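Please look over the sequence and the model that follow.

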Amino acid sequence: QLLTFSSIVFQQKGRKDVEGWTFAQLTLVIWQCLLENGPFAAVLFLPNVMVSTTIYRKLPSSRFQRCDSAGPLAPAVLQVLLLFLNRNRLRDVHAHHKCVEDIEILVLYCREKCLQPPGMPWDDLWEALLYLLGVATADSFDGEPSSVNLLVKRLCSLLNLFVEFGEELMPEVDVDRLFYELVRQRPLSDRLELWAAKVHPEDAELRALLRPTRTLLAELSPVVDGMVASLKAAPSAEQVMAAV
């Protein structure tokens, strides 16, 4: 029932619906409490437990579509938290920081227990993280600077878990897909570096959080660029993936 309720309130129209937005923020706190609870987290990642879940997805017509499924609980929880990130698109920096924090707790538990739950929507998570990094560091974004800086750090910290410990969290094919996505979005990495130097030049912690991705791209980019230079036409996604 909490998953069903979360899927609805997480897709409210931001601050335009004050009551719904308040419910959404309170629900994020509830999920944090649950994810930090050892017994609940243990049940969350039991590989052989199949749970029937009902999640609602908001359509472009603003109607909700019911989606019933059965499977491990962890992927369903991550899918619901991603509904919040994808639907609200940085309408509230503090609320998004809380949601990313909840997701990081889930990922850290996976790493601590050496778990690779099947069906985890990792691709959707990376897409959401990179999108939010792009929005938060855009010149046109007018969020409060210190709050935005904290959010960017949290986003980078979560992304670094996959860059540095990806093979402990997911199959090798998913690691390859992440590295491909980072190579594809190299301009975003460059923009992050410029944003950090311009807005927070004295923040050593932020520079350290940007370093893992920068190091990875320094290793991968020459390989991909060499492959591209050897081709007469633009490379396909499959060719770039193979180079990665």
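Strand E1 (51-58), strand E2 (64-71) and helix H4 (73-88) each supply at least two residues of the lining of the second largest pocket, where helices (H or I, at least four residues) and strands (E, at least two) are DSSP runs numbered from the N terminus. The largest share of that lining, five residues, comes from E2. The second largest pocket holds about 170 Å³ of space, and 14 residues line the second largest pocket, with Thr53, Ile55, Ser69, Ala76 and Gln79 the closest to its centre. By class, this lining has six nonpolar, six polar and two charged residues; here Ala, Val, Leu, Ile, Met, Phe, Trp, Tyr, Cys and Pro count as nonpolar, Asp, Glu, Lys and Arg as charged, and the others, Gly among them, as polar.

This is a predicted model, in which local features need pLDDT of at least 70 and side-chain atom pairs count only at pLDDT 80 or more, while totals for chains, interfaces and linings use all residues. Residues are numbered from 1 along each chain as its sequence is written, and side-chain values use heavy atoms, with hydrogens and water left out.

Rolling a probe the size of a water molecule over the atoms shows where empty space is left. On a 1 Å grid over the protein atoms alone, a cavity is a set of points where a 1.4 Å probe fits but cannot get out, whereas a pocket is an open set with protein on both sides within 12 Å along at least five of seven lines, and lining residues have an atom within 4 Å of a point. Grid points are joined across faces, edges and corners, and a volume is the space filled by probe spheres set on the points.

The largest pocket has a volume of about 260 Å³. Its lining consists of 14 residues, and Thr137, Ala138, Asp139, Trp195 and Val199 lie nearest its centre. H7 and H9 are the elements that give two or more residues to this lining, and H9 gives the most, with five residues. By class, the lining of the largest pocket has eight nonpolar, three polar and three charged residues.

What volume does the largest cavity have? The structure holds one cavity of 30 Å³ or more, and the volume of the largest cavity is about 150 Å³. Of the 15 residues that line the largest cavity, Leu133, Leu159, Ser189, Leu192 and Thr213 are the closest to its centre. H6, helix H7 (145-169), helix H9 (186-199) and helix H10 (204-230) each supply at least two residues of this lining, which divides into ten nonpolar, four polar and one charged.

H6 also packs against other helices. The axes of H6 and H9 come within 10 Å and cross at roughly 40°, where axes are lines fitted to C-alpha atoms, for helices over the stretch in contact, and angles run from 0 to 180 degrees between N-to-C directions. That makes H6 oblique to H9, given that angles under 35 degrees count as roughly parallel, over 145 as roughly antiparallel, 65 to 115 as roughly perpendicular and the rest as oblique. Leu130, Leu133, Gly134, Val135 and Ala136 in H6 meet Leu188, Arg191, Leu192 and Trp195 in H9, contact meaning heavy atoms within 4.5 Å.

Helix H6 (residues 122-136) and helix H8 (residues 172-184) pack at an angle of about 20°, with their axes 10 Å apart, and H6 and H8 are therefore roughly parallel to each other. Trp122, Asp123, Trp126 and Leu130 in H6 meet Asp174, Arg177, Leu178, Glu181 and Leu182 in H8, and this contact has five nonpolar, no polar and four charged residues.
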